[in-house]
Amino acid sequence: MASATPTRFNISRVGGWNVPARKSRVRLGSASSTTHDTPRCAIWAGMGTGKTKASLWAWRYLNRAGFAKKLLVVAPLSTLNFTWAREIFNTLPDVRVAVLYGDRKKRLKLLADTKVDIYIVNHDGLTILADEIEKRLDIDSVVLDELATYRNGTATRTKVTRKVTKRMK
């Protein structure tokens with residue numbers, strides 16, 4: 001496996017906004033994977049420390065720099081609208097968002113809208129849309145919220161998520 005050379009980014013200004021400094025303990029680490037040839041990153045921090053905003057700012061920076069296209073956020077059902085959609089609206093108001101929730105037909109219709117920048121789906125909803133998301137090469141970045149959901153490596157949910165995210169950044 002080829003080792004990726006880390007790229008250094010100036011994160012003091014992201015998307016035209018100054019990023020406020022926070023006094024919080026956030027461990028940001030690069031995680032290398034034996035199954036993927038793509039650099040990964042993990043944020044391990046407590047509630048209220050800005051993990052959602054940090055993820056959005058990082059994607060926005062990579063998107064504007066031409067390193068990322070569209071983002072897929074996989075999160076618990078209870079956080080789709082009240083955490084992720086609201087935070088995206090407040091942090092990146094010019095970004096188009098689709099919450100992929102409802103019956104399969106509704107989800108597919110929302111996923112088909114190529115003007116959307118960020119798609120948000122719950123963990124089990126990813127299983128429903130896995131084949132279609134795999135075909136969308138423009139969705140090349142992913143945020144997995146609540147990684148503890150994937151503790152069981154043999155669960156269908158975990159296997160589907162690995163398969164769908166294998167090519168993503």
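**Figure 1. Helix α1 and its buried residues in the predicted model.** In this predicted model, the buried residues of helix α1 are Thr52, Ser55, Leu56, Trp57, Trp59 and Arg60. Helix α1 comprises residues 51-64, and its 14 residues should span 20 Å at 1.5 Å a residue, which agrees with the 20 Å that separates its end C-alpha atoms. Following α1 is Gly66, a residue whose phi is positive, near 85°.

**Figure 2. The chain as a whole, as a setting for the close-up views.** The chain holds 5 helices and 8 strands, and from the N terminus on its elements follow the order β-β-β-β-α-β-α-β-α-β-α-β-α. Of the 169 residues in the chain, 38% are buried. When contacts between residues at least 6 apart in sequence are considered, 63% of them join residues at least 24 apart.

Figure 3. An open sheet is formed by 4 strands in the order β6-β7-β5-β8, with parallel pairing. Its edge strands, each of which pairs on one side only, are β6 (97-100) and β8 (139-144). On average, and with direction ignored, neighbouring strands of this sheet are turned by 20° against each other. Helix α2 (residues 80-91) packs on the sheet, where it touches β5, β6, β7 (118-122) and β8, and the direction of α2 makes about 170° with that of β7. Helix α4 also packs on the sheet, touching β5, β6 and β7, and the direction of α4 makes about 130° with that of β7.

**Figure 4. Strand β5 between its partners β7 and β8.** Strand β5 (residues 70-75) runs parallel to β8, and 5 bridges join the two; β5 and β7 likewise pair in the parallel sense, over 5 bridges. On the β8 side, Leu71 stands opposite Ser141, and Val73 has Val143 as its bridge partner. On the β7 side, the bridge partner of Ala75 is Asn122. In general, strands of a sheet pair through backbone hydrogen bonds, either parallel or antiparallel.

**Figure 5. The crossing of helices α4 and α5.** The axes of α4 (residues 123-135) and α5 (residues 156-165) come within 9 Å and cross at roughly 35°, and the crossing is left-handed. From α4, the residues His123, Asp124, Leu126, Thr127, Ala130, Asp131, Ile133 and Glu134 take part in the contact, and they meet Arg157, Val160, Thr161, Lys163 and Val164 of α5. Sorted by class, this contact of α4 with α5 has 5 nonpolar, 3 polar and 5 charged residues.

**Figure 6. Val164 and its surroundings.** Val164 is found in helix α5 and counts as buried because its relative accessible area is 1%, where buried means under 20%. When residues up to four places away in sequence are not counted, Val164 touches Leu126, Ala130, Ile133 and Glu134. Of these neighbours, Ala130 is 34 residues from Val164 in sequence, yet their C-alpha atoms are 6.2 Å apart in space.

**Figure 7. Tyr150, a buried loop residue.** Tyr150 lies in the loop between β8 and α5, and at 11% relative accessibility Tyr150 counts as buried. Leaving aside residues up to four places away in sequence, Tyr150 touches Val74, His123, Leu144, Arg157, Thr158 and Thr161. One of these, His123, is 27 residues from Tyr150 in sequence and 9.3 Å from it in space, C-alpha to C-alpha. Two further members of the list, Arg157 and Thr161, are also among the α5 residues that α4 meets.

Key: Residues numbered from 1 in each chain as written. Predicted model: local features only at pLDDT ≥ 70, side-chain atom pairs only at ≥ 80, totals over all residues. Heavy atoms only, no water. Axes fitted to C-alpha atoms, helices over the stretch in contact; angles between N-to-C directions. Left-handed = near helix turned anticlockwise from the far one by under 90°. Contact = heavy atoms within 4.5 Å. Nonpolar A, V, L, I, M, F, W, Y, C, P; charged D, E, K, R; others polar. Pairing = 2+ DSSP bridges. Expected span 1.5 Å × (residues − 1). Buried < 20%, exposed > 50% of the residue type's maximum accessible area, 1.4 Å probe, protein only.
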